[in-house]
Amino acid sequence: MPYDTAIDPEQVRAFLEEHPEVKVVCVCNHDTPSGTLNDIDAIGAVVAEAGALLLVDAVSSWAGMPTSPTSSQAAVYVTGPNKCLGCPPSLSLVAVSEAAWAKIEANPDAPFASMLSFTDWKNAWKRTEPFPFTPSVAELNGLNAALDRYLEEGPEAVWKRHALTARVCREGIKAMGVELWPVSEDIASPTATAVKMPDGIDAGPVLVETRARYGISMSAGRAETRGKLIRIGHMGPTAQPAYALLAVSAMGGALKALGAKVDVAAGLAAAQAAWDAAIDE
Ligand SMILES: *Cc1c(COP(=O)(O)O)cnc(C)c1O
């Protein structure tokens, strides 16, 4: 499957019908290296119908868009507070369904007394239970503060802010004369915008220029997409339309400096127009 597309739930259905022996399906919600979204709710429904368990990586999507363990019917749903919550790194947030607990508990080989063990953690969230290991006190306090901030702003408002930032970014990139990486905007993530490099332009020197000229950091692709795309992250505190304008400006300026044909002014005007349209709504 090409990295600029999303997983087709019908393809998952067809595969599971051909392979009834499959018991566990793993899926990434937001494929961060390519800025594309997989429809985990639709995939989750297919997996549930097939009687298999779904493992979801929602590290860079949860808290930045509407996604949850329940809507995806996930057996295990993993996320991290260091992406869309803007927390210090090092913790993992994991939701485990009743069906997954039943499977773990029925497995005599399930790890215990180990960092890899869910069993050790099953009751650790309760006030009455001890942590199985020394708690990461500073990070837990950070998580607590970030969750307060998230709930005070309100999840819907936070998702809207991410969606608007991404829209402002995409409108700016397109109007500048540069293509988005995802084949369709329907699958473009609200938490990161992947941009396709124009023909003959390698992403490496563009990233050097955005940083050297404007002090703005962006990310490269991975493995086979390295050099072909650039990712503009807008997660957590960086999900602000003003940052999208800066990103469009820096990417445009860097591309122009490297000889690409881009209309930076048109990009900035379109980005601003998308922002204004949301303000005036
Ligand atoms: C960042 C990321 C990870 C890894 O999270 P770390 O906190 O860096 O360990 C895993 N999956 C996705 C989709 C990510 O974006």
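Let me start with one cysteine, C28. In this predicted model, C28 is partly exposed, at a relative accessible area of 21%. Now compare C169: its relative accessibility is 0%, and it counts as buried.

Next, the bonding of these cysteines. A disulfide is a covalent bond between the sulfur atoms of two cysteines. How many disulfides does the count come to? The count is zero, taking a disulfide as a pair of cysteine sulfur atoms within 2.5 Å. C28 is in no disulfide, and the nearest cysteine sulfur to it, that of C26, is 11 Å away. For C169, the closest cysteine sulfur belongs to C84, at 15 Å, so the two are too far apart for a bond.

On to the helices. Two packed helices are described by the angle between their axes and the distance between the axes. The pair here is helix 6, residues 203-214, and helix 7, residues 241-257. Their packing angle is about 115°, and their axes are 9 Å apart. That angle makes helix 6 roughly perpendicular to helix 7. The crossing of helix 6 past helix 7 is right-handed.

Which residues make the contact? From helix 6, they are V206, E209, T210, R213 and Y214. From helix 7, they are S249, A250, M251, G253, A254, L255 and A257. Sorted by type, the residues of this contact are seven nonpolar, three polar and two charged.

To recap: the count of disulfides is zero, and helix 6 passes helix 7 in a right-handed crossing.

How values were computed. Residues are numbered from 1 along each chain as its sequence is written. This is a predicted model: local features need pLDDT of at least 70, side-chain atom pairs count only at pLDDT 80 or more; totals for chains, interfaces and linings use all residues. Side-chain values use heavy atoms; hydrogens and water are left out. Axes are lines fitted to C-alpha atoms, for helices over the stretch in contact, and angles run from 0 to 180 degrees between N-to-C directions. Helices (H or I, at least four residues) and strands (E, at least two) are DSSP runs, numbered from the N terminus. Angles under 35 degrees count as roughly parallel, over 145 as roughly antiparallel, 65 to 115 as roughly perpendicular and the rest as oblique. A crossing is left-handed if the near helix is turned anticlockwise from the far one by less than a right angle, and right-handed if clockwise. Contact means heavy atoms within 4.5 Å. Ala, Val, Leu, Ile, Met, Phe, Trp, Tyr, Cys and Pro count as nonpolar, Asp, Glu, Lys and Arg as charged, and the others, Gly among them, as polar. Buried means under 20% relative accessible area, exposed over 50%, partly exposed in between (1.4 Å probe, protein chains only).
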